[in-house]
Amino acid sequence: MKLYVIGIGPGGEDQMTLRAVRALQSCDCVAGYSLYLDLVAELIEGKERIMTGMTREVDRCIAARDAALSGKTVAVVSSGDAGVYGMAGLTLEVCEAHPEIEVEIIPGITAACSGGAVLGSPLTCDFAVVSLSDLLTPWEVIEKRVRAAAQGDLCLTLYNPASKKRTDHLQKACDILLESQPSEIVCGLVRNIGREGEEFTLTTLGALRDTQVDMLTTVFIGNSRTRTVNGRMVTPRGYRGV
Ligand code: SAH
């Protein structure tokens, strides 16, 4: 019994690993949020689909597990990497009582890496990743983590910077950072990474505070050494002689 959990990267087929493509091709049944299944539509043509809405992850994983128990080879698909705010952990938990299912997790390019490459090289050195979604994490905990990243002068990547219901989380996070960081710190925004309509903007921490973003955006906040190099965002590693 085989259950793959596959990170498909930020966009379509050309952003996936060969291992992910081969696993998708080999399965009978694919479970995932419909937007992600559409991104790999050609690869899964004719395969059974388990689709549920964005907030029904548990139901989707249980349906995928049950399909695997019935003898099908099943893939649970996440965007980016399945272990980064994705379905890998949940799938392992849902399968805890079924050791007969072999769960194989296939990594994908997470938005921090794909978006970082669009901007330049913002995450060259130590960095932190924080999701601003408080659906599953209390807001006080998120604030504590953002503050800790600032204290460590870490570059910071923010996932889920806003949603339709939450429009001020990025502003609140910037206000926390501005308590200790200068407003000129270089920041970048990348929207629709690897998909149609990909766009990026370079800005400063002060201006980022008043920028409207949506849930298809990943935000990058530099550290004290981050600068722009020919219009790209670069955190220097510190090599001498440049
Ligand atoms: N597992 C995913 C993250 C899911 S959380 C990964 O590893 O990338 C969802 C958040 O990820 C979004 O709100 C956004 O901040 C970021 N994200 C994922 N894919 C993206 C893309 N193609 N373009 C821009 N941001 C993306």
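Two strands pair if DSSP finds at least two bridges between them; helices (H or I, at least four residues) and strands (E, at least two) are DSSP runs, numbered from the N terminus. This is a predicted model, in which local features need pLDDT of at least 70 and side-chain atom pairs count only at pLDDT 80 or more, while totals for chains, interfaces and linings use all residues. Residues are numbered from 1 along each chain as its sequence is written, and side-chain values use heavy atoms, with hydrogens and water left out.

**Strands β7 and β8**

Select β7 (residues 127–131) and β8: the two run parallel and are joined by five bridges. Valine 129 stands opposite threonine 157 in β8. Next, select residues 155–159, the whole of β8; five of the five are buried, so the strand is largely enclosed by the rest of the structure. Buried means under 20% relative accessible area, exposed over 50%, and partly exposed in between (1.4 Å probe, protein chains only). From β8, Cys155, Thr157 and Tyr159 point one way, and Leu156 and Leu158 the other way.

**Helix α1**

Move to α1 (residues 18–26), whose buried residues are Ala20, Val21, Ala23 and Leu24. They lie on the same side of α1 because they cover an arc of only 165° around the axis, the arc being that of the directions from the helix axis to the C-beta atoms. Select Leu18 and Arg22 to see exposed residues on the other side of α1. Finally, display β1 (2–7), β2 (29–31), β4 (74–78) and β5 (102–106), against which the buried residues of α1 pack; contact means heavy atoms within 4.5 Å.
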